[in-house]
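Please read it alongside the sequence and the model.

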Amino acid sequence: MKNLKKFITQGICVFFLILLSQSVLFGTSSPSPLTPPATNSPRATVTAFIANMNEAYSVLMAAQAQSQQERGFRHSPAVREQANLAQQAFERAVKTLDLSEIPAAIRFDRGAESAFLLKEILDRLPLPPFSSIPDQPEVEEESLERWILPHTEMTLVLIQEGVNSGQFLFSAETIEQLHDFYDEIKDLPYKSQSSTNFYQFYIGTPGFLMPPKWTNWLPHWTMLMIGEQALWQWVSFGLGTLLAIAILWGIYKVLGWYYTGSHSVKEAWSGLLLPLGFLGVVTGWVFFVDRLINITGSTLEKLLTVSVFVDGMIGAWFIFLTFNAVGRTIIAAPQFKGQHLETTIVRNCFRLIGFIAATTVLYYASEAVGIPVGPFFASLGVSSIAIGFGMRPYVENIVGGITLFVNRPMKIGDFCEFGGNIGTIEDIGLRATLIRTMDRKLIFVPNTVVSTSQIVNHSRRDKYTFNSKLNLVYETTHQQLSETMKNLRKMLNEHPQVTDERVTLVELNGTTIQLEVFAHILTQDFQEYLKLQEEIWLKIEEVLKQSEAQLKR
């Protein structure tokens with residue numbers, strides 16, 4: 001069983017290597033051939049389309065016949081040159097079609113298929129004499145802007161704006177109905193056998209126009225058409241899709257094991273590997289489906305629509321992670337160490353920019369596949385008032401956080417009082433400030449409350465005030481009172497961290513003698529202030545014992 005799995009795996013790899021090695025790069029020729037088609041009148045456009053499609057067919061079939069007679073596993077340089085000439089003629093024919101209404105994601109493939117369908121239709125329908133089709137002088141004389149092919153609904157219109165302005169092209173409405181027109185006439189005989197089954201040749205063979213040589217060895221039964229594709233195409237599509245899913249799963253598992261969730265700068269940048277890997281696999285799968293095995297028709301259009309939108313989502317994911325990584329790199333700098341508010345603002349600003357950029361990518365991806373997101377954004381304007389009311393507290397808190405950042409009335413670790421709360425600041429975010437109270441409770445105070453409250457920052461004071469009253473018994477003698485006041489002044493004056501000391505007799509009321517002890521303690525630290533205050537009280541007690549003065553109980 002193990003050997004069988006190994007054999008199947010090797011067989012699949014060899015199969016896809018053959019597909020890749022035999023794909024002819026016909027999609028890389030110049031998108032603007034040197035000789036553009038003449039489209040200044042209906043006659044010029046019809047003539048240019050038919051002539052270029054016939055040239056593409058004859059040159060391509062000659063190249064195919066020559067390649068089948070030659071040995072080797074690859075097309076010869078002469079065959080590749082003929083194939084490129086055929087593609088240039090084909091591209092000139094496609095330029096006679098108005099593809100402006102087709103989403104960008106499927107425009108190239110829809111244009112190619114439309115050219116084949118239109119040729120199949122014109123090869124079966126009786127065309128009017130070319131001399132009866134309006135030429136440029138008639139267009140100018142009659143101010144002609146529209147011409148309908150006789151006995152059909154196929155229309156050529158004069159393009160009024162855009163890059164094709166002034167050209168007569170097969171109208172967008174005609175392009176949209178080509179499949180219906182083809183279904184109606186596909187059973188009719190060809191007017192000439194000079195170029196038959198060109199469309200069937202295109203949808204049933206791999207590559208673009210010129211199939212690789214390995215198709216010569218495909219069994220005839222694999223060419224059986226099922227739906228819009230040949231049997232071999234369905235098989236290749238299934239195998240390629242399974243391989244892409246397996247690679248995606250492998251990338252996810254490998255990178256998922258690597259990340260530790262530490263949110264470091266290294267990991268933030270390494271996180272870009274996951275969307276890049278996904279993007280590479282999806283892009284490779286689209287190239288395989290579209291260019292190598294040549295899935296066509298509505299099946300391809302649906303696959304391209306989904307893949308482009310998925311690419312847009314992955315691209316948006318990648319861009320958001322990129323801005324997040326840039327933000328993390330900046331806040332990892334030494335100057336941001338300990339600057340919690342600045343760190344929060346920088347991180348969230350880069351995330352906001354990343355979100356806007358990611359939304360822009362999704363917008364253009366949606367436009368590319370023809371999803372009209374414009375009305376959606378317009379509808380946001382109608383609901384913006386309701387959203388605004390719902391977002392108002394959030395926005396107010398963010399504005400409050402920015403105000404705290406600009407004014408800097410406090411920092412992490414400060415002992416502050418505001419909004420009826422007093423404690424140590426533990427964090428200052430964009431939405432709320434965290435304060436740890438004296439009884440160890442953690443309070444989340446919205447920044448809108450903080451920014452509108454009177455903030456008392458005890459940690460910012462240059463010194464603390466010691467102000468207390470001593471009530472001595474009324475029986476205290478004059479000598480005891482004088483000695484007490486003298487010793488208190490001396491004690492305060494000799495203390496290295498006390499200034500502005502003052503001891504004053506403030507009241508004699510017949511029951512007590514009241515002294516006021518005032519001083520400034522030279523410290524900014526609240527905990528140190530408490531220790532010094534305790535030390536001063538102990539010294540006051542020693543002074544009272546020394547003078548034998550007693551406090552009123």
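## Basis and conventions

Helices (H or I, at least four residues) and strands (E, at least two) are DSSP runs, numbered from the N terminus. The model is predicted, so local features need pLDDT of at least 70 and side-chain atom pairs count only at pLDDT 80 or more, while totals for chains, interfaces and linings use all residues. Residues are numbered from 1 along each chain as its sequence is written, and side-chain values use heavy atoms, with hydrogens and water left out.

## The chain overall

The secondary structure of the chain comes to 16 helices and 13 strands. Of its 553 residues, 42% are buried, where buried means under 20% relative accessible area, exposed over 50%, and partly exposed in between (1.4 Å probe, protein chains only). Among contacts (heavy atoms within 4.5 Å) between residues at least 6 apart in sequence, 68% join residues at least 24 apart.

## Gln-533 in helix H16

Gln-533 lies in helix H16 and, with a relative accessible area of 23%, is partly exposed. Leaving aside neighbours within four places in sequence, Gln-533 is in contact with Phe-466 and Ile-521. Tyr-464 is 69 residues from Gln-533 in sequence, and their C-alpha atoms are 9.5 Å apart in space.

## Packing of H15 and H16

Helix H15 (residues 478-494) packs with helix H16 (residues 526-547) at an angle of about 150°, the axes being 9 Å apart; axes are lines fitted to C-alpha atoms, for helices over the stretch in contact, and angles run from 0 to 180 degrees between N-to-C directions. H15 and H16 are therefore roughly antiparallel to each other, a term for angles over 145 degrees.

On the H15 side, the residues that meet H16 are Gln-480, Glu-483, Thr-484, Asn-487, Leu-488, Met-491 and Leu-492, and their partners in H16 are Ile-536, Lys-539, Ile-540, Val-543, Leu-544, Gln-546 and Ser-547. By class, this contact has seven nonpolar, five polar and two charged residues, with Ala, Val, Leu, Ile, Met, Phe, Trp, Tyr, Cys and Pro counted as nonpolar, Asp, Glu, Lys and Arg as charged, and the others, Gly among them, as polar.

## Residues with positive phi

Most residues other than glycine have a negative phi. Asp-500, which is not a glycine, has a positive phi of about 55°; Asp-500 is found in strand E12 (residues 498-508) and counts as partly exposed at 38% relative accessibility.

Glu-548, also not a glycine, has a positive phi of about 60°. Glu-548 lies in the segment after H16 and, at 59% relative accessibility, counts as exposed.

Technical notes: Parallel < 35°, antiparallel > 145°, perpendicular 65-115°, else oblique.
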